[in-house]
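Here's a quick briefing to read with the model open beside you. We'll go over the chain as a whole, then zoom in on one side chain.

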Amino acid sequence: MLALDFILILTMLMIYQYMKYREYQGEIDFLTGVMGRRLFLQHCQNIQSDQRIHGHQGWFLFLDVDWFKQINDKLGHIAGDETLKKFATFLQEQFEPYGAVGRVGGDEFAVMIEEEMSQEALEEEMKQFFQNISGIQKEVTVSCSIGVYRFKYPKTIKELLTKTDEILYEAKANGRGCFVIR
């Protein structure tokens, strides 16, 4: 009987671990390997509630791959997926040392810069990012539009997304392949 109880407990523990793994996998974007929308927004919410950073400056970036539908249509969905993977990799390499990166929609990504960073330093990082992503595909130049919102902690996630989305559309109206900072 004792061995049966042990097997039952071990089985339940394995099921629990598997369910936690499945939950974790649901939080990481399968295609790109960056945080999925839910995990990213939860991370941003947790940062906002950290009393030690209240009153500090932060940056929230909302990025959209320019003309992504045309990339899919012209080069195919496999090339489109590869574009998103490489885009996310460059985004992580460029900005993850300063904060968090997430995929919040099909070809939309967001970054929360959690460390103090001057506007000039951020602009240099974004210029380097633009240069890096331009060579993702040989057949087309990949670019993105970026809305950048400078804020003081704490802000609600709704406010961060709303403000940054407005700024992103301003970047798109300016011809895409650029960033707008407010």
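Helices here are DSSP runs of H or I with at least four residues, numbered from the N terminus. With that in hand, Gln48 sits in helix H2, which covers residues 37-48. Keep in mind that this is a predicted model.

**Overall layout**
- You'll find six helices and five strands in the chain.
- Starting at the N terminus, their order is α-α-β-α-α-β-β-α-β-α-β.
- The C-alpha trace spans about 75 × 45 × 25 Å along its principal axes.

**Packing and surface**
- The chain has 182 residues, and 42% of them count as buried.
- Take the contacts between residues at least 6 apart in sequence: 69% of these join residues at least 24 apart.

**Charge**
- On the charged side, there are 20 positive and 26 negative side chains.
- The centres of those two sets lie 4 Å apart.

**A look at Gln48**
- Is Gln48 buried or exposed? Gln48 counts as buried because its relative accessibility is 3%, and the cut-off for buried is under 20%.
- A polar atom of the Gln48 side chain lies 2.6 Å from the backbone nitrogen of Lys155.
- Leaving out residues up to four places away in sequence, Gln48 touches His54, Met112, Phe151, Tyr153, Pro154, Lys155 and Leu160.

Notes
Residues are numbered from 1 along each chain as its sequence is written. This is a predicted model: local features need pLDDT of at least 70, side-chain atom pairs count only at pLDDT 80 or more; totals for chains, interfaces and linings use all residues. Side-chain values use heavy atoms; hydrogens and water are left out. Helices (H or I, at least four residues) and strands (E, at least two) are DSSP runs, numbered from the N terminus. Buried means under 20% relative accessible area, exposed over 50%, partly exposed in between (1.4 Å probe, protein chains only). Contact means heavy atoms within 4.5 Å. Lys and Arg count as positive and Asp and Glu as negative; His and the chain ends are not counted. The place of a charge is taken as NZ of Lys, CZ of Arg, CG of Asp or CD of Glu. A polar contact is a pair of N or O atoms within 3.5 Å; within protein, one must be able to donate a hydrogen and the other to accept it, and residues adjacent in sequence count only if both atoms are side-chain atoms.
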